[in-house]
Amino acid sequence: ALSLDRDNADKTVAGVVYPRFLSRVERENAGKELPVPAYFSEWAQMTVLRTGWAHKHPSLAIAFDKIKDFGTPENNILEPPSGGWTDQSVRTELNIAGKTFWSGLWNAAVRIDGKTLTPIEKWNVTCDASDDDADYLELDLPLTENIRLQRHFLLVHKDKLLLTADTVLLDDRPENGIDNDFRKYRIEYEALIPAAENLKIKIDAEAVEILFTEENVPLVRIYPISLPEWKAAPGNPGELSAEPNGLRLRQHGTGTGLFVPLIFDLNQKRLELPYSWRQLTVGENLNKVGNDRAAAFRLQRGNAHWLLYRSLTKTVNRTFFGHNLVSDFFFGRFNPKKGTVEMVMEAEEENT
């Protein structure tokens with residue numbers, strides 16, 4: 001590709017990724033003014049989130065289109081849930097330390113009162129952002145029964161964390177004329193994420209989290225933070241289970257929305273540190289907010305603390321963990337020395 005068509009940005013990137021193909025002078029100049037490694041293209045329906053240009057840096061590629069453009073889903077799934085999949089059009093590939101952790105279709109099923117929903121339109125991009133701290137992509141898919149499925153991808157550079165999440169929302173756009181405040185549905189969610197065949201899965205007998213290893217070396221630890229930390233917890237709303245070709249996540253709830261996040265710890269040096277997570281109380285006008293209207297979580301890993309918030313209604317002023325905000329999505333670090341929350345990524349509703 002470089003021999004056919006290249007500009008200064010191409011040569012700069014090549015100096016990091018493939019230095020042996022450049023001349024000595026080009027190698028010396030490479031890396032001085034690297035372009036932003038993340039790339040967003042809505043028209044191509046393709047996004048790449050990257051913490052850096054080197055092979056060792058984590059990267060997540062995301063493609064979203066009709067399934068016919070990517071092959072048949074049977075190549076990536078064992079057994080679909082009862083009622084089939086809601087959508088099979090998002091393909092992702094995660095690479096860590098030059099190794100592929102997963103590559104394939106991210107299949108999801110959404111059921112409302114036992115009925116499996118289907119798309120009525122294509123995925124569209126509702127938000128994308130990138131800075132020195134993180135890359136963020138948010139997709140939206142309208143479904144039958146006035147439901148929307150929103151999918152979030154957040155790659156935090158310095159912390160080497162990947163957040164993936166699906167949000168099931170009742171479509172409250174004005175043209176639908178629906179008052180969702182008084183509706184209570186049984187919402188069921190199920191997803192299957194593929195994993196590379198060379199990886200081994202380590203399942204704890206008591207804890208919900210899952211560890212992936214390669215040749216007995218810890219590679220990635222996964223936290224389903226919307227579930228209780230312990231399998232024996234009463235009223236557990238779901239499960240994260242391992243299958244030969246990947247992970248299957250199930251979660252259910254009652255109300256007007258459901259938030260299903262997963263956090264992937266990509267820092268191998270941190271994987272043996274103590275960890276814990278909790279769901280936090282969200283307040284609005286001095287009242288507790290139900291999980292179907294807003295959800296917040298805290299993840300602790302060693303001395304590091306991260307906070308996650310997602311609104312499942314129209315944007316209003318709310319508080320959690322002593323932090324006040326007006327946003328749809330928030331991810332931040334908690335600084336225990338200062339007692340403050342440092343924003344990593346925040347998405348607010350666009351006023352039209």
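Ile-112 stands opposite Ile-187 in β12. The model is predicted, with local features requiring pLDDT of at least 70 and side-chain atom pairs pLDDT 80 or more, while totals for chains, interfaces and linings use all residues. Residues are numbered from 1 along each chain as its sequence is written, and side-chain values use heavy atoms, with hydrogens and water left out.

Let me continue with strand β12. Strands here are DSSP runs of E, at least two residues long, numbered from the N terminus. β6 and β12 pair in the antiparallel sense over six bridges; pairing requires that DSSP finds at least two bridges between two strands. β12 also pairs with β17, again antiparallel, over ten bridges, and Tyr-185 stands opposite Gly-255 in β17. Strand β12 covers residues 185-194, and eight of its ten residues are buried, so the strand is largely enclosed by the rest of the structure. Buried denotes under 20% relative accessible area, computed with a 1.4 Å probe on protein chains only.

I turn to the aromatic residues. Rings of Phe, Tyr and Trp, the last by its six-membered ring, pair if their centres lie within 6.5 Å; planes under 30 degrees apart are stacked and those over 60 edge-to-face, the rest being tilted. The count comes to twelve aromatic pairs. One of them joins Trp-106 and Phe-153 edge-to-face, at 5.6 Å centre to centre and 85° between the planes. Trp-106 lies in the loop between β5 and β6 and Phe-153 in strand β10, so this pair ties together parts 47 residues apart in sequence. Trp-106 is buried at 2% relative accessible area, and Phe-153 is buried at 0%. The rings of Tyr-309 and Phe-320 have centres 5.5 Å apart and planes at 10°, so that pair is stacked. Ring pairs also link Phe-101, Trp-102, Phe-212 and Phe-264 into a cluster.

Finally, the second largest pocket. Which strand gives the most to its lining? The contributor is β17, with four residues. On a 1 Å grid over the protein atoms alone, a pocket is an open set of points where a 1.4 Å probe fits, with protein on both sides within 12 Å along at least five of seven lines; lining residues have an atom within 4 Å of a point. This pocket has a volume of about 310 Å³, the volume being the space filled by probe spheres set on the points, which are joined across faces, edges and corners. Of its 20 lining residues, the closest to the centre are Ser-226, Pro-237, Gln-251, Gln-279 and Asn-291.

Key:
Buried < 20%, exposed > 50% of the residue type's maximum accessible area, 1.4 Å probe, protein only.
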